[in-house]
Amino acid sequence: MSFEKTPGWLDWYAGPSKPAFKLPAGAVDAHCHVFGPGAVFPYAPERKYTPCDASKDQLFALRDHLGFARNVIVQATCHGADNRALVDALVHANGMARGVATVRRTVTDQELQDMHRAGVRGVRFNFVKRLVDFTPKDELIEIANRIAPLGWHVVIYFEAVDLPELQDFFTSLPTTVVVDHMGRPDVTKPVDGPEFARFVAFMRDNPNVWSKVSCPERLSVSGPKALDGQRAAYDDVVPFARHLVESFPDRVLWGTDWPHPNLKDHMPDDGLLVDFIPRIAPTAPLQQKLLVDNPMRLYWPEE
Ligand code: 0GY
């Protein structure tokens with residue numbers, strides 16, 4: 001199915017270009033969201049931002065347009081711990097989507113089982129202060145211990161400056177731990193400087209820690225315009241992501257982060273984001289691991 005700008009499509013969004021990079025067969029977009037529609041799945045009262053509606057049908061059209069086969073849909077903070085929009089997308093994906101939910105300690109075993117049946121395979125703990133209020137660590141550990149027997153993992157989102165304070169907590173988690181967006185490095189600092197070295201050591205010392213090498217559009221200071229004339233941009237993020245892909249080829253994932261909540265300076269072209277991939281995973285074997293083998297092992301281990 002080709003991508004079409006449907007009625008109700010985000011009116012601030014020009015529509016993605018067709019990527020020049022041909023994704024390998026079975027590629028997984030391992031970080032994306034659905035938002036609402038708010039009239040059906042209301043946004044959480046405690047949210048820190050109100051997004052545009054971004055429906056499952058739009059997400060699936062984008063998947064087909066870019067050439068992905070599957071999605072991992074991540075619960076965003078604007079829906080709080082109400083996972084209904086996520087679950088609705090999963091059950092309408094014909095098995096081609098898995099999910100990462102947000103739960104509180106009050107979640108029942110039956111609710112966890114129902115989410116598992118729908119395709120949820122992880123929970124997300126968010127530590128980015130502009131996005132969430134504080135949740136006590138003992139509640140998070142309790143949740144992690146309850147989801148571990150289901151074979152689920154924990155996705156963590158934090159800012160690089162907070163890693164020193166949070167690292168002991170992260171290493172105490174009993175599951176695979178997936179870091180969003182490389183732990184949000186400050187890409188104006190050197191890739192071999194102490195801040196990113198700390199993150200690399202965190203991955204090296206903890207074989208259960210994976211990273212999404214996603215969100216150049218969020219991390220970049222140089223921006224979407226390529227400095228060296230290449231079509232794919234966000235040049236300043238390339239060394240960070242490439243370092244992780246080459247150092248930990250079996251523990252990296254990639255996702256579009258569509259529909260890019262909270263980006264105010266520019267709206268990314270998802271086609272251009274796909275063209276970023278061969279710059280950070282320059283060989284076919286690395287691309288196969290990043291886009292197919294790794295996400296399949298984590299989200300569809302039965303296949
Ligand atoms: C992302 C990034 C952001 C938002 C959320 O859950 C969220 O609201 O993750 C952000 O604002 O950096 O991964 O979608």
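Predicted model: local features only at pLDDT ≥ 70, side-chain atom pairs only at ≥ 80, totals over all residues.

Colleague: Why is α5 called roughly parallel to α6?
Modeller: Helix α5 (residues 163-171) and helix α6 (residues 194-205) pack at about 5 degrees, axes 12 Å apart. Angles under 35 degrees count as roughly parallel, so α5 is roughly parallel to α6.

Colleague: Which residues of α5 and α6 make the contact?
Modeller: Contact means heavy atoms within 4.5 Å. On α5 that gives Leu 163, Pro 164, Gln 167, Phe 170 and Thr 171, and on α6 Arg 198, Phe 199 and Phe 202.

Colleague: Which residues of α5 are buried?
Modeller: Buried means under 20% relative accessible area (1.4 Å probe, protein chains only). Leu 163, Leu 166, Gln 167, Phe 169 and Phe 170 are the buried ones in α5. Their cover includes β4 (120-126), α4 (137-147) and α6.

Colleague: What makes something a cavity?
Modeller: On a 1 Å grid over the protein atoms alone, it's a set of points where a 1.4 Å probe fits but cannot get out; lining residues have an atom within 4 Å of a point. The count is one cavity of 30 Å³ or more, and the largest cavity holds about 120 Å³. Of its 15 lining residues, those closest to the centre are His 33, Arg 124, Leu 131, Tyr 157 and Pro 261.

Key: Residues numbered from 1 in each chain as written. Heavy atoms only, no water. Axes fitted to C-alpha atoms, helices over the stretch in contact; angles between N-to-C directions. Helix = DSSP H or I, 4+ residues; strand = E, 2+ residues; numbered from the N terminus. Parallel < 35°, antiparallel > 145°, perpendicular 65-115°, else oblique. 1 Å grid on protein atoms, 1.4 Å probe; cavity = no way out; pocket = protein on both sides within 12 Å on 5 of 7 lines; lining within 4 Å. Points joined across faces, edges and corners; volume = space filled by probe spheres on them. Buried < 20%, exposed > 50% of the residue type's maximum accessible area, 1.4 Å probe, protein only.
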